[in-house]
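Dear colleague,

I am handing over the structure below and would be grateful if you could look through it alongside my notes. They follow directly after it.

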Amino acid sequence: MRIAILDDFQGVALQYGDFSGLDVTVFSEPLTDVPAQLAGFGTVVAMRERTRFPAEVLRALPDLRLLVSTGRRNAAIDLAAASEAGITVCHTGYRPAAAAEHTWALILAALRHVPEEDGNIRAGRWQSTVGTELDGAALSLVGLGNLGRRVARVGTAFGMEVLAWSSNLDPARAAEAGATAVSKQELFARADVLSIHYVLSERSRGIVGAEDIARMRPGALLVNTSRAGVLDTAAAAAAARRGDIRLALDVFDAEPLPAGDPLRELPNSVLTGHIGYVTEQQYRVFYGDAAEDVRAFLAGTPVRVMNP
């Protein structure tokens, strides 16, 4: 069976997973025509949600029998359509520490102006910015699940006041994480740093909108390492251009971010290319489990099956 490994931008899939003895083709660039480029492949290993597999794409891949998704969920795969087409969908493990740590990398980079000061040193200049301390500041979290709780713990260690909101947040559960449950309006109005950790669904799409952003304090930092769809990125970018807020983004509506996208010139911002989960430890889990998924399927005993 021919196996396609998609979106291996760093070219490391075969380093972190044991695909030896298997007929593997690695794609290191985003696919431009998924049905045409994946024709004839019986197995596809997809990296997170970089490549979409809606019903019409799945129906156009008659040879596909196994679709492996790195991570435990993938909103880009139509699971019902996969089942109808006789395609088994499997997942891999996931390490939540990576994304939580990258959230803090963005926060610190933005508040201490690391990109600008790095540029100063390399250009022969000296300090030109004034940083902002975290101690005593308010950290507002949109979502307090596994990732949000990890981010909350670090905020507490920095001496921050941690606030949290989600549509069904239990105040007692928030307190267990060292956070105070507040209304959505208060969350945004009091934030010095606001970080989004919300699962994308039809209910949560655009849950952070222009009205929410308008409530933020002048100069407050908005961070999104979750999914682009939960944030009105255009409204956030407009606020950053006006100088109303600062912005740190790891996720975008179009990925990879197109060359001419105006976000590339956005002031008051720190941008990274959806690398929140990209670590050596994470890739060992992703590609190691993906190889195990493939071998188990070929042996007739699939593991970590996602199909309903």
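**Sheet, helix and one histidine**

Ile-3 stands opposite Thr-43, a residue of strand 3. Please keep in mind throughout that this is a predicted model. The pairing to which I would turn next joins strand 1 (residues 2-5) and strand 3 (residues 43-46), which run in the parallel sense and share three bridges.

These strands belong to an open sheet of five strands, paired in parallel and arranged in the order 2-1-3-4-5. Because strand 2 (23-26) and strand 5 (88-91) stand at the edges with a single partner strand each, one side of each is left without a neighbour in the sheet. On average, and with direction ignored, neighbouring strands of this sheet are turned by 20° against each other. Helix 12 (residues 280-298) lies across strand 1, strand 3, strand 4 (66-69) and strand 5, and its direction makes an angle of about 160° with strand 4.

As for the annotation, an unreviewed UniProt entry lists residues 105-276 as "domain: D-isomer specific 2-hydroxyacid dehydrogenase NAD-binding". The end C-alpha atoms of that span lie 9 Å apart, and the span is 33% helix and 16% strand.

His-113 is found in the loop between helix 5 (97-111) and helix 6 (114-122). Is His-113 buried or exposed? His-113 has a relative accessibility of 18%, and therefore counts as buried, the cut-off being under 20%. A polar atom of the His-113 side chain lies 3.1 Å from the backbone oxygen of Val-130. Neighbours within four places in sequence aside, His-113 is in contact with Leu-108, Thr-129, Val-130, Gly-131 and Arg-246.

Key. Residues numbered from 1 in each chain as written. Predicted model: local features only at pLDDT ≥ 70, side-chain atom pairs only at ≥ 80, totals over all residues. Heavy atoms only, no water. UniProt positions renumbered as here; feature names shortened; annotations may be inferred. Helix = DSSP H or I, 4+ residues; strand = E, 2+ residues; numbered from the N terminus. Pairing = 2+ DSSP bridges. Axes fitted to C-alpha atoms, helices over the stretch in contact; angles between N-to-C directions. Contact = heavy atoms within 4.5 Å. Buried < 20%, exposed > 50% of the residue type's maximum accessible area, 1.4 Å probe, protein only. Polar contact = N/O pair within 3.5 Å; in protein donor to acceptor, adjacent residues only side chain to side chain.
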